[in-house]
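Keep the structure open beside you as you read.

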Amino acid sequence: MKLGPVELPALVVPRLGLAAFRRRAVVHLAFLLLALATVGLVLTVLIDQKQRAYQRYAQGFRQSLAEIVLQLRHPSGQLALLNPTMGAGDRDGQAPVLLPFSAIDFDDQNKAQRAVEMAGCGLRWPDGASLCAAVGANAYAGGFLYLVGSLESGPLAGREHGALDLSGVHRARVTLKLRGGTQTWIAPFEGAASADGTQRGRLTGFLGAGPQLPGKARPVREFRGWLWREGPCAEGSSGPDCARRTFYSIRLPVEAFQDALFDDAGRRARPVWPPADLDQMRVRVELLAPEETSAEATETPVAPATSPALFDSARPGASLALSLDRIGASLQPGETLRIERLGKQSTTIAERRGPELSERALPWLIHVMRLLPVQGEILGVGADTDAAEIRWLTASDEVATPSGRYRLDLRGDLRSLDRQLALEARPLAWLAAAMLAAVALAWLMVELGLIRGIAVLTKRAAAVSYNMQDARAEQRIGELDVADLRGRDELGILAGSLADALTRVKDGLRREQLRAEREREMWHAVGHEIMSPLQSLMVLHGAGDDPSHRYVQRMQQAVKVLYGSAPPSEALASADLHTEALDLAAFCREVAANAHYAGIDDVLFETTLPEPQPVYAEAYALEDAVTHVLRNADRYRPGGTPIAITLEAGEPGFVLLRIRNQGPHIDAAMLEQIFEYGVSDTAPQVNGERRGQGLFVAKTYLAKMDGSIRAFNVPDGVVFEMSLRRAAA
């Protein structure tokens, strides 16, 4: 039998004081302090990192400017100052540059080489070749264009004096594009090899491109050039004909430069120097080898072929030794270098910026870095100045050159330094975030997995203790439900054990509460079942002079005293029946014949089945079930109408016993419910009869005999159908 829940008023939860949650507050405070300590540690490291970075930057800022000034005071730096637009040239050649000194001693190899190396003049190619095309700083030095360079070459073939055909000799060809015009010089090598394989000779210049000189060609008087092939053999070659370093030095007269030195009257004028269009000029230097020849037969005259170039300054791949771009490459991110040429009207000749940061820092981390304080006079300002308000550092210096004075202004952007520090601090920020996440996760595990569970247990236990003052205090413990706190950890095991114990206690309380009610129901069930045969005895011994009448009446009265109004469901469910083979046809015939003794008249029995019809049943239990159905049919049939009992064949192995009466139909929704305990359309009477127990008893007894019962409506009434299992004949 399933026990129903015990309805009790909800528990009143008392308000607990702070002392009950003291340890919980201590744990929360410990986690909060741990999180604050983590943040404080990270901020301390970041402040120290920013302090050191600002100190290094402030110390290196002016030192960086000093190094740039030192570079620019060197001749190579002055060359970069004098030629801010200096580049690697293009396919037409190289633009001449302005030298930081008046001229080059081109007749002396060592002096010329030292001058261009000291000035850092010229272009460099990957194969080791070089070229410096420049003019002197002093216009009155003659207005010449100097071409100094070197390359590696084998033995050189020189021109014989007076020879006009230059195709068989080594020669230099110089092309100058100036102010819309083009001028070309051809300069053959005139010299011979020495015994040790070295060579030295002159480059004699002629107007024209060659290789054939006109008959009366004369050298250009102001064109001067030398070529030296000296030194050890190049790597990978040996012998007297090996490749050696070849150095050349040429002074090229430029008529436009010389014409600017005199006015229309032939007097010396004060020229504008360097020429304003110097960077628009293009000079190209080619060193040509002897031309290759071919002949199809000995009788065929030799035909000239192409002349290979040992060197061509218009070829790509050249790089500058030093320029303002390279000086700007040493700047830090956020730094700006501005160079002004001082004079009556200062002019900015170059402005270079440091590189941009390749990665973007987190915006919030940049903001944090800017807000961090910096102590001391590390930025050249007072210690009381807020570092977050300082955004720029500036420094200035001057450089003097033969052509004038230059001022250098260096400005540093501290915001870029903050961004760079934010990039460097990003791993530390992720580490701090991971530590805070671990603290938060640990707090959640302790709070949700332990403290909150303990708090729930505390509140519920306090509620039960507080409500023990209730009149039903012994039942209040059953209201402490902690099954939702079960788990595999220590608290979950404790809560589970407590929940199991409380469940057992709760079930015990419920059983104790229902025990008395079950005892009353048992008496009621016994009284109900005794009342049916007692009523039959009252009919059999109804005469007043029958001595048994008085004792039967006393027995009936005693049962009525014990018989109450509760249903006997549990007593009937626990009844033990002993089934055996029973002739159902003889049984029904006897029930119909004796029905009038139970106050049920006009009960008819008929069967179309052969007799006997053995079934598994218990005679008294089946008679009780049939009698209850007959009483129900007698209650609803119209007066004077019979009740018919019939036997029919059912499903294989079963016999159907049908009891049919005329009368009103049963509501379709009630056809299943009428067999439940206590369901009846008639109010309970004083004597305890007709309280919705009869059909429940019939259904219960038939189920214990492996049978069933159902009801259905027919056109003129109702049929109750009992199904019983056949027994072996």
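The torsion about the S-S bond of C233 and C242 is about -75°, so this disulfide is left-handed. A disulfide here is a pair of cysteine sulfur atoms within 2.5 Å. Before going further, please note that this is a predicted model, in which local features need pLDDT of at least 70, side-chain atom pairs count only at pLDDT 80 or more, and totals for chains, interfaces and linings use all residues. Residues are numbered from 1 along each chain as its sequence is written, and side-chain values use heavy atoms, leaving out hydrogens and water.

**The disulfides**

| Disulfide | Sulfur-sulfur distance | S-S torsion |
|---|---|---|
| C121 and C132 | 1.8 Å | about 85° |
| C233 and C242 | 1.8 Å | about -75° |

The disulfide of C121 and C132 is right-handed. C121 lies in the loop between α3 (109-119) and β2 (123-124), and C132 in strand β3 (residues 130-135), 11 residues apart. Helices (H or I, at least four residues) and strands (E, at least two) are DSSP runs, numbered from the N terminus.

Both C121 and C132 are buried. Buried means under 20% relative accessible area, exposed over 50%, and partly exposed in between (1.4 Å probe, protein chains only). C242 counts as buried because its relative accessibility is 2%, whereas C233, at 28%, counts as partly exposed.

**The cores**

The largest nonpolar core has 93 residues, and L72, Y248 and L408 have the most contacts inside it. Helix α1 (residues 22-73) gives the largest share of this core, 10 residues. Apart from it lies another core of 44 residues, including C588 and V615. A nonpolar core is a set of buried Ala, Val, Leu, Ile, Met, Phe, Trp, Tyr and Cys residues joined through side-chain atoms within 4.5 Å.

**The sheet**

An open sheet of 5 strands runs in the order β21-β23-β24-β26-β25, with mixed pairing. Its edge strands are β21 (603-607) and β25 (708-714). Two strands pair if DSSP finds at least two bridges between them; β25 and β26 (residues 717-725) pair in the antiparallel sense over 7 bridges.

Within strand β23 (residues 643-649) sits T646, which counts as buried at 16% relative accessibility. Leaving aside neighbours within four places in sequence, T646 is in contact (heavy atoms within 4.5 Å) with E606, L656, L657 and R658.
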